[in-house]
There are 2 protein chains.
Amino acid sequence: MPPAPDISDSEWSVMEALWESSPQTASELTKTLRPTMNWAENTVRTLLMRLVDKGALKTAENASGTRTFLPAVKREACVRAEGESFMQRIFGGAAKPLLVHFAQNSKLTAEEVKELKKLLDQSLNS
Amino acid sequence: MPPAPDISDSEWSVMEALWESSPQTASELTKTLRPTMNWAENTVRTLLMRLVDKGALKTAENASGTRTFLPAVKREACVRAEGESFMQRIFGGAAKPLLVHFAQNSKLTAEEVKELKKLLDQSLNS
DNA sequence: AAAAGACAACTACAAACGTAGTGATCCCCA
DNA sequence: TGGGGATCACTACGTTTGTAGTTGTCTTTT
């Protein structure tokens with residue numbers, strides 16, 4: 001897996017669809033995305049091209065000889081990269097203030113709080 | 001305070017400098033930022049203009065009749081907006097997965113973990 | 001076989017961004 | 001009092017992003 005490339009907003013939606021289910025052809029993707037983003041098929045194709053250029057997607061031929069797209073980078077890696085850069089930008093790279101911010105600005109259920117506390121503990125013994 | 005406008009990467013550095021200490025003139029800012037970003041003064045001025053246009057900054061005259069810049073929006077509001085949009089983009093708007101991600105991907109000290117757990121508890125009783 | 005779609009490759013084009021350069025003023029100092 | 005620096009207002013220009021349109025070919029369906 002090459003290093004996670006920069007993925008723009010619109011591009012991210014396409015990636016999500018492919019991480020969710022791949023490979024898909026351009027038109028399948030257009031249909032997949034239609035409910036959320038109301039994009040023309042060419043828009044989807046442009047985004048696909050750009051993502052291939054960036055090395056975020058690979059292509060393959062399917063049985064009927066048409067092109068199909070699939071991720072070339074793992075979602076987790078991209079999430080990490082985006083998260084890293086966000087944390088850098090807004091919180092000067094420090095995790096604690098970030099966690100403080102989101103802990104304070106989110107309404108979590110008691111259940112979720114319990115889980116998170118467990119995770120925090122685990123993050124120490126590892 | 002108007003709603004937090006969209007602030008780009010480079011612009012954010014300028015905002016940080018002004019949230020840190022304001023008002024400042026363009027040349028003061030250029031000096032303030034020189035160590036980190038090695039920008040020409042005109043670059044800083046352009047960013048300032050754009051931020052004023054966006055309503056993120058206001059201007060005032062100082063004693064010597066030159067212009068001085070200061071935030072028109074609170075840092076906390078901008079952080080919230082950026083955080084909101086990041087969470088939306090990457091975690092579909094859900095706080096828990098975000099917190100899980102950062103909790104797992106950051107090495108925190110025992111001290112920090114303790115603080116965070118306390119915060120989490122407090123976030124329930126409020 | 002002609003029309004209708006799918007697919008692909010190019011091209012388009014405006015707004016936002018990053019990063020300045022130019023030219024006009026004005027004020028201070030030697 | 002003339003030149004140099006500080007300020008300003010404009011302009012510039014390549015890249016990235018969002019969002020398509022155009023054209024040409026291939027295939028599938030009446």
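This is a predicted model: local features need pLDDT of at least 70, side-chain atom pairs count only at pLDDT 80 or more; totals for chains, interfaces and linings use all residues.

How far apart do the C-alpha centres of domain 1 of chain A and domain 2 of chain A lie?

Analyst: In it, the C-alpha centres of domain 1 of chain A and domain 2 of chain A lie 29 Å apart. The domain assignment places residues 1-93 in domain 1 and residues 94-126 in domain 2. Their contact takes 4 residues from domain 1 of chain A and 4 residues from domain 2 of chain A. On the domain 1 side, that contact has 2 nonpolar residues, 2 polar residues and no charged ones.

The contact between the two chains takes 30 residues from chain A and 31 residues from chain B. On the chain A side, α1, α4 (75-91), α5 (95-105) and α6 (110-124) each supply at least two residues. The largest share, 10 residues, comes from α5(A). By class, this side of chain A divides into 17 nonpolar, 6 polar and 7 charged residues.

Next come the DNA strands. Around DNA strand C there are 18 residues, and the closest are A:Ser27, A:Arg67, B:Ser8, B:Asp9 and B:Ala40. The elements that each supply at least two residues to this surface are α2 (26-33) and α3 (41-53) of chain A, together with α1 (9-20) and α3 (41-53) of chain B. The largest share, 4 residues, comes from α3(B). The surface near DNA strand C divides into 4 nonpolar, 10 polar and 4 charged residues.

Around DNA strand D there are 19 residues, of which A:Ser8, A:Asp9, A:Ala40, B:Ser27 and B:Arg67 come nearest. Here α1 and α3 of chain A, with α2 and α3 of chain B, each supply at least two residues. α3(A) gives the most to the surface near DNA strand D, with 4 residues. By class, the surface near DNA strand D has 4 nonpolar, 10 polar and 5 charged residues.

One of the elements that supply the surface near DNA strand C is α1(B). Its 12 residues, at 1.5 Å a residue, should span 16 Å, and its end C-alpha atoms are 17 Å apart, which agrees. Within α1(B), the residues B:Ser13, B:Val14, B:Met15, B:Ala17 and B:Leu18 are buried. Their cover includes α2 (26-33), α3, β1 (57-61), β2 (67-71) and α4 (75-91) of chain B.

The loop between α1 and α2 of chain B contains B:Pro23. A cis peptide bond joins B:Ser22 to B:Pro23, with omega about 0°. In chain A, A:Pro23 lies in the loop between α1 (9-20) and α2. The bond between A:Ser22 and A:Pro23 is a cis peptide bond, with omega about -5°.

Definitions and conventions: Residues are numbered from 1 along each chain as its sequence is written. Chains are lettered from A and ligands numbered from 1 in the order in which they are written. A residue is near a molecule or strand if its C-beta atom, placed from the backbone, lies within 6 Å of it. Ala, Val, Leu, Ile, Met, Phe, Trp, Tyr, Cys and Pro count as nonpolar, Asp, Glu, Lys and Arg as charged, and the others, Gly among them, as polar. The expected span of a helix is 1.5 Å times one less than its number of residues. A residue is buried if 20 or more other C-beta atoms lie within 10 Å of its own, exposed if 12 or fewer, and partly exposed in between; C-beta atoms are placed from the backbone. Two residues are in contact if their C-beta atoms, placed from the backbone, lie within 7 Å. Domain bounds come from an automatic or database domain assignment.
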